[in-house]
Amino acid sequence: MRARGRSLRAPLAALALASLAAAAGAADRTVLAIGAHAGDAEVTTGAILARHKRLGDRVVMLHLTLGEGGNPKMSPAAYGEQKKREALVAARVLGAEALFGPWKDGELRDTEDAARYVADVIRQVKPTHVVTHWKSSLHPDHEATHRIVNAAVLLASLEGAESAYPRHRGVRGVYYADNWEDAEGFTPYLYVDVTEDLTTWKAAATAYEFVRGGISPFPYLEYYEALARVRGALAGRRFAVALEVDPFAKRRILDALP
Ligand SMILES: [Zn+2]
């Protein structure tokens, strides 16, 4: 189903309302992780999400597609149902809320409708921090997500933009995940210590069969655990997860040298 911005609002609102009400005002930070496929956010930045949940922050994941095309042994419909169940388990383990976009795996496009849809999610969730895909990727859905999310953050902040929800200007930063599929030009910039959250991350990530093995030949669990050790070593910690930011976000304005 392709997106028509307005018609997509109702089911999302129904899904989100209970948790929105429960969480209102509870956390200083709200981290919204937006992935192209269910599993992207958990596998790459689940440990950061677990850490923020442990710090008392609100954590929300938006999966734009279920990534239902990734299992050659199952129909997309059947695997999509499985992925949704797995995503709900992973969210529960992380202490996160899970939202699902309406797109099909492989059919995500950088359209105005998609940006308006995500902008409406941002207006409702009111994140302080947004985490999503880096700009370059092997997967077109990932690159589309990067562009959709950046357009949506701007759109959500504009008073004049057409929306049923009030504008949200509270996004302090957009951060990009360290994803093996999105590695071209990715340079780690921020390192978040996740030493105490790796066990929770592992429990959440392994809710997905594709992470446990047997669907994809890529060794997800080993790769991301080893990567967390490598990033941790560079950060002087046991385990860390790295994030990239846009070049303009690296500007530091000082009155004198530090
Ligand atoms: Zn993906």
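In this predicted model, a salt bridge brings together the side chains of Arg-51 and Asp-197, with 3.8 Å from N to O. The two partners come from distant parts of the chain: Arg-51 belongs to helix 2, while Asp-197 sits in the loop between strand 6 (190-193) and helix 6 (198-205), and 146 residues separate them. Their surroundings can be described through accessibility. Arg-51 counts as partly exposed because its relative accessibility is 24%, a value that falls between the limits of 20% and 50%. Asp-197, with a relative accessible area of 1%, is buried. The pair also belongs to a network of salt bridges that links Arg-51, Arg-54, Glu-196 and Asp-197.

The structure holds 13 salt bridges. As a general point, side chains of opposite charge can pair when their charged atoms come close. Another example is the salt bridge between Asp-193 and Arg-237, whose side chains meet at 2.9 Å, N to O. Asp-193 lies in strand 6 and Arg-237 in the loop between helix 8 (220-235) and strand 7 (240-244), so this contact ties together parts that are 44 residues apart in sequence. Asp-193 is partly exposed at 21% relative accessibility, and Arg-237 is partly exposed at 45%. A further salt bridge joins Glu-159 to Arg-167, where the closest N and O atoms are 3.1 Å apart. Here Glu-159 is exposed, with a relative accessible area of 58%, whereas Arg-167 is partly exposed at 35%.

Next comes the metal site. A zinc ion is coordinated by ND1 of His-37, by two OD contacts of Asp-40 and by NE2 of His-142, at 2.0 to 2.5 Å. Along the chain, these donors follow the spacing H-x2-D-x101-H. Asp-40 in helix 2 (residues 40-54) and His-142 in helix 5 (residues 140-157) link distant parts of the chain, being 102 residues apart. Both Asp-40 and His-142 are buried. Why is the arrangement of the four donor atoms around the zinc ion irregular? The angles they subtend run from 54 to 139°, and a tetrahedral arrangement would need all angles to lie between 85 and 135 degrees.

One last residue deserves a look for its backbone. Most residues other than glycine have a negative phi. Lys-126, however, has a positive phi, near 55°, and is not a glycine. Where does Lys-126 lie? Its place is in the loop between helix 4 (112-125) and strand 4 (129-132). With a relative accessibility of 45%, Lys-126 counts as partly exposed.

Technical notes. Residues are numbered from 1 along each chain as its sequence is written. This is a predicted model: local features need pLDDT of at least 70, side-chain atom pairs count only at pLDDT 80 or more; totals for chains, interfaces and linings use all residues. Side-chain values use heavy atoms; hydrogens and water are left out. Helices (H or I, at least four residues) and strands (E, at least two) are DSSP runs, numbered from the N terminus. Buried means under 20% relative accessible area, exposed over 50%, partly exposed in between (1.4 Å probe, protein chains only). Donors are N, O and S atoms within 2.8 Å of the metal (3.2 Å for Na, K and Ca); water is not among the atoms, so sites may look incomplete. Four donors count as tetrahedral if all angles lie between 85 and 135 degrees; four count as square planar and six as octahedral if opposite donors are over 155 degrees apart and all others between 65 and 115; anything else is irregular. A salt bridge is a side-chain nitrogen of Lys or Arg within 4 Å of a carboxyl oxygen of Asp or Glu.
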